[in-house]
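Me: Could you take a close look at how the strands are paired in this model, and then follow the packing from there? I would like one connected account with the cut-offs spelled out.

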Amino acid sequence: MNRLRLKKWLVSPLNKERAAQIAEEYGLPFFLAMMLEIRGAHRRDQIEELLGERSELSDPFLTADMQKAAQRIRRALDNFEKIAIYGDYDADGVTATAILYSYLESCGGNVMYYIPEREGEGYGLNLNAVEFLHSRQVNLIITVDNGIASVREAEYVKELGMELIVTDHHRAQEVLPDAVAVVDPHRPDDASPYKQFAGVGVAFKLIMALEGEDCDLEGLIENYADLVAVGTIGDVVPLTGENRLLVREGLKLLSRTDRLGVRELIERSGMAGRRLTAGNVAFSIVPRINATGRIGSPGRAVRLLVSEDPDEARELAEEICDDNDCRRQIESELFQSALKDLSEHPERLYDRVLVVAGREWHHGVIGIVAARLVDHFGKPCMVISYSGEQAKGSGRSVEGFSLFEALCSCSELFTKFGGHPMAAGISMPAENIGAFREAVNRYAAGVPVAVPTLRLDCKLRPATLTPELPGLLQALEPFGTDNPAPLFGLYRMRLEKITPVGEGKHLRLTFSRDGTVTNCMLFHTAAQEFPYEPGDELDLAVTLDAKEFRGEMQLSVFIREMKLSALDTDALILGKLTFEKYKRGDDLTLKEAEELLPDYTNFAQLYRFLRERGGWSGGAELLLYRLDGGKMGYARLLTALEVFVERGLILLRQSGDQLNIELCEADQKVNLFESPILCDINQIKEDGVAHD
């Protein structure tokens, strides 16, 4: 559970009358009809699509250049030309490579595949790889999950006398590569009805096109949907429309797949015999495939997926799982290094976009570390690794802030960049890191502030929780981006009992409300780490599950987030943003300056509280609540703590919204109101009054 940062809790709107109409018209349980209404499925076609009763794949030839791509590949097959599938080292690129390679090989093609090394080559086509493929007498290169930004490399392919087909799903930039065909549903001139495919989805549509009018779609799905599902889930694209069909069918196939490598991964990840969902595939199979691109040679993942040798599949799966364990260790170490980098430059903690950089940080994990930093600080983040004169970075964002648009605003700093609104990558001269930090934050200053949000489907009363609910929710699967796993709010729950379980690694928490007692599980939190006390009233964000126990279905309630019911989260977030605005040196309004200024009572109350407690370790919002129920205000609390640090009264270490405060012995009486911080804010206030 993440308790390190503030989030805005949003409850989806619900029209109960319309939900009742859906239930009556379609003969559905009211709870399921309610969930459909919440997710915007009001019409019959929307309802049938979400429930899996109405879905189809569109004509692949509606995609721009698909006809050209299919014709050129058929000619290459007919003439037995050497074809190279040029993939990427993540789960999407690997599965896309595997299905297109397998298909062309089954057509009798003279085909090979190439996966670039993350460390030495980086993402996408590169000139050295193009030279290598030329030396192997390749006539036609087909990219999957990359290539849309490879303008220079496409020219080089042409210079060497080869031809290129690009299939990609990333955002197209102003200039398209000069290729035989550029197949990307995000092209401005693309007329296809569905745009949200992963790279593997685009590759599957290419296979459909190659099959032509006589395409046996059912057979193609049976052969390839398991890998399409893994790649689509792995790339975190929306599970809507055509993606939904492919993932739903693929999940059915995964549990009975005849791919030796996939079966080995399922076995080694502990998923054998379990019902496979998009969620558990994302946390079990996908990271292991990704690990090959992060640690060691990524080509092994394709070998694993296409292997027909049981011994080879077993050995490769073992290697890949070992790589995943190694990846976790490196990721943990690099995350701590990134936190250290920020602690050594505390002024950067107040940036709108966090940019951290380190010498020879492992390229294979910087994207994961960026995601962890976003989760930790609630801000967009870029993690950059530099070596010599070159630097490569990977970034993640928060909802409402397009990282791709931010990079476009300073594209002159990069040698290469690309990605999505929520994730992106860059290559640039190392000397540009500082300029990039300034430029991306300058861009962020001109767009609305993106606040981390937690979206709840609805609030539930504890008395309505039954073991039947999780079964009804299964009708909405697969869950993923744009169709997330249902998350429910249990509000004003009084904490009654804290019980350690699982050798003290987890907690069973007992709550009461309106005469109903509810037991909830909180994983990966020891009792000594748990910040709340019996008697606290909390809001819970929970998921539901049910399992059979002694012949009866038993409901399980799992806590994903929690917060104090009494605190106004919106006010806390606004106070935090105001304080950060001051620390950055941005212009403040008179009201903002007033909200920052503690008075004598605030200082006395806070210092007395810290002295009685012997310091503090925990969330800033919980400190505010324990102090006075939140009356002081978040911005004033943070200012008061800054003043205490400045005057030598406390030592303060901060990580996200977590504080660790130690009291210092004061040699003499300290006049807090001589603090330069307070003088500065008072001056801002006076200037504001004068201006008014």
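Reply: Happy to! Two strands count as paired here if DSSP finds at least two bridges between them; helices (H or I, at least four residues) and strands (E, at least two) are DSSP runs numbered from the N terminus. The model is a predicted one, in which local features need pLDDT of at least 70 and side-chain atom pairs count only at pLDDT 80 or more, while totals for chains, interfaces and linings use all residues. Residues are numbered from 1 along each chain as its sequence is written, and side-chain values use heavy atoms, without hydrogens and water.

Five strands make it up in the order 3-2-4-5-6, with parallel pairing. At its edges are strand 3 (110–114) and strand 6 (181–183), each of which pairs on one side only. From one strand to the next, the twist averages 20 degrees (angles run from 0 to 180 degrees between N-to-C directions, along axes that are lines fitted to C-alpha atoms, for helices over the stretch in contact). Within the sheet, strand 2 (residues 82–86) is joined to strand 4 (residues 140–144) by four bridges in the parallel sense, and Ile85 has Ile142 of strand 4 as its bridge partner. Helix 6 (residues 127–135) lies across strand 2, strand 3 and strand 4, and runs at about 155 degrees to strand 3.

Strand 14 gives you another set of pairings to inspect. Strand 13 (residues 458–459) pairs with strand 14 (residues 488–501) in the parallel sense over two bridges, with Gly489 in strand 14 as the partner of Lys459.

From pairing, let's turn to packing. The largest nonpolar core has 79 residues, of which Leu540 and Leu610 touch the most other members. A core of this kind is a set of buried Ala, Val, Leu, Ile, Met, Phe, Trp, Tyr and Cys residues joined through side-chain atoms within 4.5 Å, where buried means under 20% relative accessible area, exposed over 50% and partly exposed in between (1.4 Å probe, protein chains only). The largest share of the 79-residue core is the eight residues supplied by helix 23 (residues 634–646). Another core, of 75 residues, lies apart from it, and its members include Ala96, Phe197, Leu251 and Val302.

Leu610 is worth a stop. Beyond four places in sequence, its contacts (heavy atoms within 4.5 Å) are Gly615, Trp616, Leu623, Leu641, Phe644, Ile650, Ile661 and Leu663. Leu610 is also among the residues by which helix 21 meets helix 22: Gln605, Leu606, Phe609, Leu610 and Arg613 on one side, and Leu623, Arg626, Leu627 and Asp628 on the other. The axes of helix 21 (residues 600–613) and helix 22 (residues 620–628) are 10 Å apart, at an angle of about 100 degrees. These two helices are therefore roughly perpendicular to each other; that label covers 65 to 115 degrees, while angles under 35 count as roughly parallel, over 145 as roughly antiparallel, and the rest as oblique.

At 3% relative accessibility, Leu659 is buried. Its contacts beyond four places in sequence include Trp616, Leu623 and Leu641, which are also listed for Leu610; Ser617, Gly618, Ala620, Leu652, Arg653 and Gln654 complete the set for Leu659. Its C-alpha atom is 9.8 Å from that of Glu621, with 38 residues of chain separation.

Finally, take helix 15 (residues 366–377). Its twelve residues reach 16 Å from the first C-alpha to the last, close to the 16 Å expected at 1.5 Å a residue (the expected span is 1.5 Å times one less than the number of residues). Nine of the twelve residues are buried, so helix 15 is largely enclosed by the rest of the structure. Among the buried ones are Ile366, Val369, Leu373, His376 and Phe377. Gly378 follows helix 15 with a positive phi near 75 degrees.
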